[in-house]
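Here is a guided walk through one protein chain, written for someone who likes to see where the numbers come from. Have the viewer open as you read.

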Amino acid sequence: MPDLRSATLHTHDHDACIDVALRNADELCNARGLNLTPVRRRVLEIVWRAHEPIGAYQILAELAKERDKAAPPTVYRALEFLIDAGLVHRIDSLNAFMGCDTPLQAHVAQFFVCRECHRALEIVDSAIGRALATRSRELGFRIEPATLEVKGVCERCAASARDQQQAAQQ
């Protein structure tokens, strides 16, 4: 499945991908007997609507616009549920959250994280997952739900830096 938050971000239908994410959440929760409460569903929608890493307090601010009693524990409990269900990934280096593009497939979450703009792109490379699983078995190490973060500079930031450098040289 292609990454919906890639360079084609501005060419896809945001509402359609959010609808897909919510349908996947319903399907996954029904299949596993999990309770996707209205608050959990709304938090998931807020995460997906951002289409970029979003912090818990940003989620809380959105939730508070429509719920008088929204509080940090409410958001953190909802995020914990969504992470455990595989619907959301936590990006530790950004202290932020992103919706999972492939929640119906067990996988190691893999992200390229730009150190300049903090944009994160989820990649799904099954070879990486297999390599981690093989090596962990060899070492007798039990992997918990994992997120692999690779930091660097995205194409957009690299191009901007090149443009600035060229302008400075003129």
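Helices here are DSSP runs of H or I with at least four residues, numbered from the N terminus. In that numbering, L60 belongs to helix α3. The model you are looking at is predicted, so let us begin with its overall layout and confidence.

**Overall layout**

The protein chain has six helices and five strands, and along the sequence they follow the pattern α-α-α-α-β-β-β-β-α-β-α. Its C-alpha atoms fill a box of roughly 60 × 50 × 30 Å along the principal axes. Of the 170 residues, 35% are buried. Among contacts with a separation of 6 or more, 57% link residues 24 or more positions apart.

**Confidence**

The mean pLDDT of the chain is 87, with 92% of residues reaching 70 or more. Among the elements, α2 has the highest mean (95), while helix α6 (residues 155-169) has the lowest (84). Residues 1-10 fall below 50, although this stretch has 26 contacts in the model beyond near neighbours in sequence. Where pLDDT is low, the predicted coordinates should not be read in detail.

**Helix α2 and its surroundings**

After α2 comes H51, with a positive phi near 55°. The buried residues of the helix are R42, V43, L44, I46, V47 and W48. They pack against α1 (14-32), α3, α4, β1 (88-91) and β2 (96-99).

In soluble globular proteins, nonpolar side chains tend to be buried together. The largest nonpolar core in this chain has 27 residues, and those touching the most other members are V43, L44, I59, L79, L82 and L87. Helices α1, α2, α3 and α4 are the elements that each give two or more residues to this core, and α1 supplies the largest share, seven residues. A second, separate core of eight residues includes A96, F111, V113 and A120.

Leaving out residues up to four places away in sequence, L82 touches L36, R40, V43, L44, L87 and V88. R40 also lies over the face of F81, at 3.9 Å from the ring centre.

The structure holds one aromatic pair. The rings of Y57 and Y76 have centres 6.4 Å apart and planes at 75°, so they meet edge-to-face. Because Y57 lies in helix α3 (residues 56-64) and Y76 in helix α4 (residues 72-84), the pair ties together parts that are 19 residues apart in sequence.

| Residue | Relative accessibility | Class |
|---|---|---|
| Y57 | 53% | exposed |
| Y76 | 39% | partly exposed |
| L60 | 12% | buried |

L60 counts as buried because its 12% is under the 20% cut-off. Which residues does L60 contact, leaving aside neighbours within four places in sequence? They are A70, A71, P72 and V75.

Definitions and conventions: Residues are numbered from 1 along each chain as its sequence is written. This is a predicted model: local features need pLDDT of at least 70, side-chain atom pairs count only at pLDDT 80 or more; totals for chains, interfaces and linings use all residues. Side-chain values use heavy atoms; hydrogens and water are left out. Rings of Phe, Tyr and Trp (its six-membered ring) pair if their centres lie within 6.5 Å; planes under 30 degrees apart count as stacked, over 60 as edge-to-face and the rest as tilted. Buried means under 20% relative accessible area, exposed over 50%, partly exposed in between (1.4 Å probe, protein chains only). A charge sits over a ring if NZ of Lys or CZ of Arg is within 6 Å of the ring centre and within 35 degrees of the ring normal. Contact means heavy atoms within 4.5 Å. pLDDT is the predictor's confidence in each residue, from 0 to 100. A nonpolar core is a set of buried Ala, Val, Leu, Ile, Met, Phe, Trp, Tyr and Cys residues joined through side-chain atoms within 4.5 Å.
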